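Please look over the sequence and the structure before reading on.

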Amino acid sequence: MKGGKSKADSRKADSKLAVRKTKKEKKVKDPNKPKRPPSAFFVFMEGFRKEYKEKHPSNKSVAIVGKAGGDKWKSMSDEEKAPFVEKAEKRKEEYEHKMADYNKKLAGGADDESDKSKSEVNDEDDDEGTGEEDDDE
C-alpha cells in the first residue's frame, strides 16, 4: 500500500471517535392506565373506514383507506368537522376524569399494598411461632 492506511487502522480510528450508546431500559407500561383519547380526525376515521369498506369491499390496503380519509378530511369545511370535534372533546373530558381517578389510585394504592404485605408476613410469623411451641411442650 502506498502511503494509505490499512482497513484495520481506519477502524481503530473510527472506534475511538465513535460515541458509545448505552441501552436505555424501556419503561414498563401500566396496563391499567387509560388510553389517550383520539383526535377529531381519528373519530372521523372510525366511521369513514366502515363506509369506505362497504363501497370498496375488494380493497385490502390500509394505506389507500387512510389516504382517502385524509383527502376527505382536508376537503371538509369546519362546519362539517364540528360533530367530530365535539365527540373528540367529550372523549378528552372522559379521559381527564379517568386519569384523575387513576392518579388518585396510584397515590393511595401504593401505601395500601405495602400495609397488606407487612400484615401477611406478620401473620405467617405468628402461625409458625404457635406451631413450634406446641411441639416443644
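The points below cover the overall fold, the surface and a few charged residues.

The model is predicted: local features need pLDDT of at least 70, side-chain atom pairs count only at pLDDT 80 or more, and totals for chains, interfaces and linings use all residues. Residues are numbered from 1 along each chain as its sequence is written, and side-chain values use heavy atoms, with hydrogens and water left out.

**Overall fold**

- The protein has 4 helices and 0 strands, where helices (H or I, at least four residues) and strands (E, at least two) are DSSP runs numbered from the N terminus.
- Read from the N terminus, the order of elements is α-α-α-α.
- Of the contacts (heavy atoms within 4.5 Å) between residues at least 6 apart in sequence, 71% join residues at least 24 apart.

**Burial and surface**

- The protein has 137 residues, of which 13% are buried; buried means under 20% relative accessible area, exposed over 50%, and partly exposed in between, with a 1.4 Å probe and protein chains only.
- The protein exposes about 12800 Å², and carbon and sulfur atoms supply 50% of that area. Accessible areas come from the Shrake-Rupley method with a 1.4 Å probe, and for residues only the protein chains shown count as cover.
- Glu 86, Glu 89, Glu 93, Glu 94 and Glu 96 form a negative surface patch. Such patches consist of residues with over 30% relative accessible area and no salt bridge, like charges being joined within 9 Å, and the place of a Glu charge is taken as CD.
- Glu 86 belongs to helix H4, which spans residues 78-136.

**The salt bridge**

- The structure holds 1 salt bridge, defined as a side-chain nitrogen of Lys or Arg within 4 Å of a carboxyl oxygen of Asp or Glu.
- Glu 46 and Arg 91 form this pair through their side chains, at 3.0 Å from N to O. Glu 46 is in helix H2 (residues 40-55) and Arg 91 in helix H4, so the pair ties together parts that are 45 residues apart in sequence.
- Glu 46 is partly exposed at 34% relative accessibility, and Arg 91 is partly exposed at 31%.

**Two lysines of helix H4**

- Lys 81 lies in helix H4. Lys 81 is buried but has no salt bridge, and the nearest side chain of opposite charge, Asp 78, is 4.8 Å away.
- Beyond its neighbours within four places in sequence, Lys 81 is in contact with Trp 73 and Met 76.
- Lys 87 is also placed in helix H4 and is partly exposed, with a relative accessible area of 48%.
- Lys 87 and Ser 39 are 48 residues apart along the chain, and their C-alpha atoms are separated by 9.1 Å.

How values were computed
Patches are made of residues with over 30% relative accessible area and no salt bridge: like charges are joined within 9 Å, nonpolar side chains (Val, Leu, Ile, Met, Phe, Trp, Tyr) within 5 Å. Lys and Arg count as positive and Asp and Glu as negative; His and the chain ends are not counted.
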